[in-house]
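Subject: Handover of a structure, with notes on its contacts

Hello,

Below is the structure you are taking over. My notes on the contacts follow it.

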Amino acid sequence: MSTTQKHIDFHVEAIRKDFPILNREVNGKPLIYFDNAATSQTPQQVIDVIVDYYSNYNANIHRGVHALSQEATDAYEQARIKIQKHFNAKHAHEIIYTSGTTHGINLVANSFSSLLKKGDEVIVSALEHHSNIVPWQMLCERTGATLKVIPMNTDGELILSEFERLLNANTKLVFVNHISNALGTINPIEAIIEKAHAVNAAVLVDGAQSCPHIRPDVQALDVDFYVCSAHKICGPTGVGMLYGKEEWLKKLPPYQGGGEMIAEVSFEKTTYADLPHKFEAGTPNVCGGIAFGAALDYMNAIGFDAIASYENELLEYATNQMLQIDGLKIYGTAKEKTSVISFNVGNIHPYDIGTILDKMGIALRTGHHCAQPIMDFYQIPGTIRASFMFYNTKEEIDTFIAALKKAVMMLS
Amino acid sequence: MTIEEIQNEIIDEFSMFDNWEERYQYMIDLGKTLPLIDDIHKTDDNIIKGCQSKVWVHANMNDDKVAFTADSDAIITKGIIAILIRAFSNQHPTAIIEANTDFIDKIGLKEHLSPTRANGLVSMIKQLKMYAIAYQTQLN
């Protein structure tokens, strides 16, 4: 065993102690949680922050003169700065709190309505989650713009030459995920952003699946909008962020009306608040925002380089063992991918394998993963998806492989 | 036999199994062996789309009794369908409308009738009852 190996193994056991849920049993077996691409688990450090908030300083923010409100406001705004620093945004007001990735996408899609007209073109990729297809279809229906799709190859990689052919002076927006939720493909967003900018199109990158594994630098990427959810990054559900370049956020009209987002209101005219509040109508998820900041602290303390290298090791270890199983086919074999393995075994329905593995305490996702176009591309009803995080172990993968073999035996 | 008698018979059969593996193996075998529906009835009109698995249901009435045939693309779902059809098929519409599915709970398969599984079974049971209501209206 190499020194690095020892170091990493030591870390995993220590890290696992931070996650109380990993101690529980399911159907009488120790839980093996491989559904991380759907949601990650929460470390005690983040749970403590949530408990502390509701135990000690729960208050509505920004307008109160009392101590609790000030403490809550400070913590919430400090978390925004943590998020800004994490993503290397130029300004804290370029970080808009949202309820999650889907909210962020809808915010941009709705706000763009007034900027698009008939004849304009919007490009999405074939690898998108439904949440990054439907809002743009709705936007195109509202504005008369046309939706175009970047096709993919059988490895699950986007065909960049086709993307270049789609780009022209009418292209106004390009939407692509950083990493595909169904296949784990890491998309070449640097090239996509550069090519889109060459025709003056704005780019929104859906980072829901990338943020648990890599630390994006929005300035280096020169991306116009970047969205993600806290619950995929060891944070709570119901909170996320939209990064937008200041110039874009100033240009876009507000998405929702309400308290917090206004400067002055009369029945004749309302003036909107400055960024970021212009896009944050109503009482926000205060505790969620603070816990989001704590989750980023937790991940950064471990370090994203260490996380990525360990997760790659898990991916390789699991892939090699799975390919030994007769009839097992992995969907998504891109050269650049994260620790997501989407697969089927022979003609066995994914639901059947998922059901049997659940009986053995193993949590996986089965179905179309909200990416029906990808399943149509491969002409399958769905897949089984195992997705790993830095708190998973090789021993868990061994147990999963044995359970999978047993399920296949029962179902064949 | 009444629906209740058939359900009790199924509960008895399942009580012989010692663990989940035997129960599931039995259902998988049921799912594999039984021809549950004629291909001509596996149409889009008869499909119930679950998020996870698809279910097809067809009904007809002979001598005041409703007969069901059904199928699924997932074997475990199909096994449960086989059990449900055994209990509900060839019964008077009124009996089908009044019957419940508590026996599924008693044989340890309750989780499959949870709406969150989105396997089409919950909608299928609703559909069986809808057919029974429709046929009862014809009888009246």
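Two residues are counted as in contact if their C-beta atoms, placed from the backbone, lie within 7 Å. Please keep in mind that this is a predicted model.

Contact between the chains

On that criterion, 11 residues of chain A and 13 residues of chain B make up the contact. On the chain B side, the elements that give two or more residues are α2 (20–33) and α3 (75–88) of chain B. Of the residues there, four come from α2(B), which gives the most to this side. Sorted by class, the side of chain B that touches chain A holds seven nonpolar residues, five polar ones and one charged.

Contact between the domains of chain A

Chain A is assigned two stretches, 3–42 and 303–411, as domain 1, and 47–300 as domain 2. The centres of these two domains of chain A, taken over C-alpha atoms, are 28 Å apart. Domain 1 of chain A puts 25 residues in contact with 32 residues of domain 2 of chain A.

On the domain 1 side of chain A, two or more residues each come from α11 (304–322), β14 (340–345) and α13 (372–378) of chain A. The largest share of that side, four residues, belongs to α11(A). As for class, the side of domain 1 of chain A that touches domain 2 of chain A has 13 nonpolar, nine polar and three charged residues.

Regards

Notes: Residues are numbered from 1 along each chain as its sequence is written. Chains are lettered from A and ligands numbered from 1 in the order in which they are written. This is a predicted model: local features need pLDDT of at least 70, side-chain atom pairs count only at pLDDT 80 or more; totals for chains, interfaces and linings use all residues. Domain bounds come from an automatic or database domain assignment. Ala, Val, Leu, Ile, Met, Phe, Trp, Tyr, Cys and Pro count as nonpolar, Asp, Glu, Lys and Arg as charged, and the others, Gly among them, as polar.
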